[in-house]
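Trainee: Could you take me through one part of this model up close? I'd like to hear about the cavity and the helix packing around that part of the fold.

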Amino acid sequence: MKDIKVIVAMHKPYQASEDPLYYPLHVGATEKESIGYIGDDSGDNISEKNPYYCELTGLYWAMHNLDFDYIGLCHYRRYFSLKHSVKNKLDSVLTLQEASQLLEHSDIILPKKRHYYIESIYEHYKNTMYVEPLDITGDIIREKYPEYYPAFQDLHKRTSAHLFNMFIMKKEIAANYCDWLFSILDELENRTDYTQYDAFHARYFGRISERLMDVYIQTNHLEYKEIRVTDLGDTNWRKKILGFLSATLFKKKYKQSF
């Protein structure tokens, strides 16, 4: 069995899988009441940035405080899965044994791509969020990592992406990815002012990082295995679709997550 730990980003009490693959972590734990799991405010951490970096504070903590051969990230409601139509959704989540078998053939597991079809990844972001921080991210990449800039530019034409900041990677790959990612986000902090946005839109560091995953994968020609994602909660698809259409057709930016 491979030595794998997948961080489960938790910000409130919620039932978590007890499979040994998972490591529930209280993200944004700084000055918060305990929810029963270790917090990302211990050791080397950036927990105070959670309102802006989202689950990335958990990823940073894991990379600097845990020692495993493979590291991953998922969410308190959103897990990797190989199973369909399981009555108890928690029984459908990827297990340590299944992950070990998948990683015999690939060093990376990613969620299946989300397809937008009628608009590019860049257009979708521009329609739903304030695009200026994403454009500044492109400037940073062009200056600091020019070899990655063509893949970043592809966001203007690609209509699918691996989202949610979810992955399982060999730790050496994850370490290189995180060094690259956090160096970009650090500079983005220097060049932007998140206080000009409301709490929902100030979380652009976490959202932009979702778009950068494929930029890194594509540029480094990394091979990966895609598997489905299961949501332990109930998705309001009517609300989600209406929000998407309002943004796409009428340029009404999102005001909340769906």
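Predicted model: local features only at pLDDT ≥ 70, side-chain atom pairs only at ≥ 80, totals over all residues.

Mentor: Let's start with the largest cavity, which holds about 30 Å³ of space. The structure has one cavity of 30 Å³ or more. Its lining is made by Tyr 125, Met 129, Tyr 130, His 201, Tyr 204 and Arg 207. Sort those by class and you get four nonpolar residues, one polar and one charged.

Helix 5 covers residues 132-144 and helix 8 covers residues 204-219; their axes sit 10 Å apart at an angle of about 55 degrees. Helix 5 and helix 8 therefore count as oblique to each other, and the crossing is right-handed. On the helix 5 side the contact uses Pro 133, Leu 134, Thr 137 and Ile 141, while helix 8 brings Tyr 204, Ile 208 and Leu 212. So what is the make-up of this contact by class? It has six nonpolar residues, one polar and no charged ones.

Helix 5 also packs on helix 7. Here the axes come within 10 Å and cross at roughly 120 degrees, so helix 5 and helix 7 are oblique to each other too. Helix 5 passes helix 7 in a right-handed crossing. From helix 5, Pro 133, Ile 136, Thr 137, Asp 139, Ile 140, Ile 141, Glu 143 and Lys 144 take part, and they meet Ser 183, Ile 184, Glu 187, Leu 188 and Arg 191 of helix 7. This contact splits into six nonpolar, two polar and five charged residues. Pro 133, Thr 137 and Ile 141 turn up in the contact with helix 8 and again in the one with helix 7.

Helix 7 has another partner, helix 2. Helix 2 runs over residues 56-65 and helix 7 over residues 171-191, with the axes 11 Å apart and an angle of about 130 degrees. That angle makes helix 2 oblique to helix 7, and the crossing is left-handed. By class, the contact of helix 2 with helix 7 has 10 nonpolar residues, no polar ones and one charged.

Conventions: Residues numbered from 1 in each chain as written. Heavy atoms only, no water. 1 Å grid on protein atoms, 1.4 Å probe; cavity = no way out; pocket = protein on both sides within 12 Å on 5 of 7 lines; lining within 4 Å. Points joined across faces, edges and corners; volume = space filled by probe spheres on them. Nonpolar A, V, L, I, M, F, W, Y, C, P; charged D, E, K, R; others polar. Axes fitted to C-alpha atoms, helices over the stretch in contact; angles between N-to-C directions. Helix = DSSP H or I, 4+ residues; strand = E, 2+ residues; numbered from the N terminus. Parallel < 35°, antiparallel > 145°, perpendicular 65-115°, else oblique. Left-handed = near helix turned anticlockwise from the far one by under 90°. Contact = heavy atoms within 4.5 Å.
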